[in-house]
Amino acid sequence: MQTVKEYIAQHKDRFINELINLLKIPSVSADPAYNQDVLNTADTIKESLEKAGCDIVEICETPGYPIVYGEKIIDPNLPTVLVYGHYDVQPADPIELWTSPPFEPVIKKTDIHPEGAIFARGACDDKGQMYMHVKALEYMTNTGNLPCNVKFMIEGEEEVGSESLAWFVPRNKEKLANDVILISDTGMIANDIPSITTGLRGLSYVEVEVTGPNRDLHSGLYGGAVANPINILTKMIASLHDENNHITIPGFYDKVEELSREERDEMAKAPFSLEDYKNALDIDYVHGEAGYTTNERNSIRPTLDVNGIWGGYTGEGAKTVIASKAYAKISMRLVPGQEWVEITELFKKHFESIAPKSVKVEVKPHHGGQGYVTPIDNIGYQAASKAYQETFGVTPIPQRSGGSIPIVALFEQELKSKTILMGFGLNSDAIHSPNEHFGVWNYLKGIETIPYFYQYFTELSK
């Protein structure tokens with residue numbers, strides 16, 4: 001019987017070309033201008049699942065973008081793996097910082113990816129990683145190596161909060177019934193140091209608007225006599241951190257889980273070079289909350305960051321104006337224990353309270369989600385660990401991630417099953433940034449590793 005390595009070697013070029021064609025579709029869920037492209041991507045995923053061997057594939061309508069559902073049930077008495085992924089991508093802006101067009105995928109060699117990486121928006125997050133599962137299914141069905149049942153749930157709104165998925169899941173519990181959920185939307189430490197993500201941070205995302213005068217004003221005639229919303233907004237934002245980079249919102253840390261010294265020492269065993277980290281980002285110094293290491297700051301501690309800020313005149317040349325309004329988008333990454341709705345309300349109350357009387361402030365919540373921790377003593381994690389050992393030759397390291405997949409906590413709440421996060425991307429793959437890419441080696445290694453998860457999960461479930 002053909003091995004997965006042999007199958008990948010035989011079909012390597014096709015696997016890469018199929019992903020490239022998928023990446024050409026600009027499925028930007030945040031921008032209504034790409035509405036048809038998002039829908040076209042859903043159709044492409046449906047066709048791919050049918051070709052890979054699913055017996056049933058449906059485009060499931062929701063209040064927003066559709067969910068692609070597929071299944072192959074070989075025996076109701078066998079375990080069922082539910083694969084989750086998303087087919088939408090982040091906006092590509094700023095376009096001018098891309099070295100090649102974001103929706104014209106190209107393969108380039110890099111120091112980290114000497115075999116080449118596919119440069120395109122969505123290459124790693126999440127089209128490339130999601131599509132690994134489609135090709136893994138193709139291998140298992142075409143060679144008779146599928147040991148259990150599989151279902152797919154691929155959504156089109158992950159990058160804007162998964163609101164329609166939160167609507168869909170509670171209404172389709174029977175359809176989605178499973179024994180474990182498998183996701184590849186995270187990363188690993190390095191190509192020779194595989195890791196399994198065991199924790200995700202939650203998220204609260206808001207937009208703030210500060211309004212001063214009823215129109216833009218001449219800065220000479222009115223400067224110094226009328227509140228400048230941009231000046232005030234920047235001062236308000238600056239006050240959200242103290243001199244130790246501790247967030248100053250009252251009650252923000254009340255439910256933060258404090259890890260023991262022993263747990264922090266275990267985390268510190270993961271290979272990490274601060275110098276390599278700084279060099280990769282072209283920075284001289286790191287920055288963050290006092291009393292914590294870089295890896296702790298971006299995984300087990302909550303954060304508050306401005307994601308965008310604007311107002312007034314930003315065109316070429318000069319325009320001496322006091323803007324009527326100023327805006328900012330702010331994200332707060334939360335740790336398990338923090339409730340995102342509660343944190344959003346704490347932020348709103350505090351931000352409004354620190355505004356001077358000379359301006360009006362409006363806080364608009366966008367979306368959010370809970371953090372998640374999966375134990376390493378369940379059979380799902382053990383199956384994933386054995387799968388990595390099989391293909392990488394070493395035991396993967398459990399690692400908490402700084403990123404968020406807000407829907408994961410809902411899965412456990414509604415479907416009563418654990419989620420296993422088998423990521424194959426790298427932190428250097430520039431997800432959400434210009435020049436996002438995904439190593440060809442990583443893409444193919446994911447396709448090679450995933451079938452072993454099915455094998456070991458089925459064996460451990462007996």
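**View A. Thr234 is partly exposed, with a relative accessible area of 37%.** Here buried means under 20% relative accessible area, exposed means over 50% and partly exposed lies in between, computed with a 1.4 Å probe and for protein chains only. The model shown is a predicted one, in which local features need pLDDT of at least 70 and side-chain atom pairs count only at pLDDT 80 or more, while totals for chains, interfaces and linings use all residues. Residues are numbered from 1 along each chain as its sequence is written, and side-chain values use heavy atoms, with hydrogens and water left out. Thr234 belongs to helix α7, which covers residues 229-238; helices (H or I, at least four residues) and strands (E, at least two) are DSSP runs, numbered from the N terminus. Glu362 stands 128 residues away from Thr234 along the chain, and the C-alpha atoms of these two residues are separated by 15 Å.

**View B. Helix α14 (residues 440-460) crosses helix α3 (residues 123-142) at roughly 55 degrees, and their axes come within 8 Å.** The axes are lines fitted to C-alpha atoms, for helices over the stretch in contact, and the angles run from 0 to 180 degrees between N-to-C directions. The two helices α3 and α14 are therefore oblique to each other, given that angles under 35 degrees count as roughly parallel, over 145 as roughly antiparallel, 65 to 115 as roughly perpendicular and the rest as oblique. On the α3 side the contact (heavy atoms within 4.5 Å) includes Gly128, Tyr131, Met132 and His133, and on the α14 side the residues include Asn442, Tyr443, Gly446 and Ile447. By class, this contact of α3 with α14 has 10 nonpolar, 4 polar and 1 charged residues; Ala, Val, Leu, Ile, Met, Phe, Trp, Tyr, Cys and Pro count as nonpolar, Asp, Glu, Lys and Arg as charged, and the others, Gly among them, as polar.

**View C. Helix α1 (residues 4-23) also packs with α14, at an angle of about 130 degrees and with the axes 10 Å apart.** These helices, α1 and α14, are therefore oblique to each other, and the crossing of α1 and α14 is right-handed. Residues Val4, Lys5, Ile8, Lys12, Phe15, Ile16 and Leu19 of α1 make the contact with Val440, Tyr443, Leu444, Ile447, Glu448, Pro451 and Tyr452 of α14. Divided by class, the residues of this contact are 11 nonpolar, no polar and 3 charged.

**View D. The largest nonpolar core has 62 residues, and among those with the most contacts inside it are Val81, Tyr87, Phe152 and Met422.** A nonpolar core is a set of buried Ala, Val, Leu, Ile, Met, Phe, Trp, Tyr and Cys residues joined through side-chain atoms within 4.5 Å. Among the elements that give two or more residues to this core are α1, α2 (35-52), β3, α3, β6 and α14, and the largest share, 10 residues, comes from α3. Not counting residues up to four places away in sequence, Met422 touches several residues, including Gln129, Leu182, Ala384, Tyr388 and Phe453.

**View E. Cis peptide bonds join Asp93 to Pro94, with omega about -5 degrees, and Asp125 to Asp126, with omega about 5 degrees.** Pro94 sits in the loop between β3 (80-86) and β4 (106-108), whereas Asp126 is placed in helix α3. Most residues other than glycine have a negative phi, and most peptide bonds are trans.

**View F. Ser162 has a positive phi of about 60 degrees although it is not a glycine, and Asp282, likewise not a glycine, has a positive phi of about 55 degrees.** Ser162 lies in the loop between β6 (149-155) and α4 (163-171) and, at 2% relative accessibility, counts as buried. Asp282 lies in the loop between α9 (274-281) and α10 (294-297) and is exposed, with a relative accessible area of 72%.

**View G. Lys108 is found in strand β4 and, at 23% relative accessibility, counts as partly exposed.** Leaving aside neighbours within four places in sequence, Lys108 is in contact with Thr99, Ser100, His113, Gly116, Ala117 and Phe119. Leu97 is 11 residues from Lys108 along the chain, and their C-alpha atoms are separated by 16 Å.

Methods: A crossing is left-handed if the near helix is turned anticlockwise from the far one by less than a right angle, and right-handed if clockwise.
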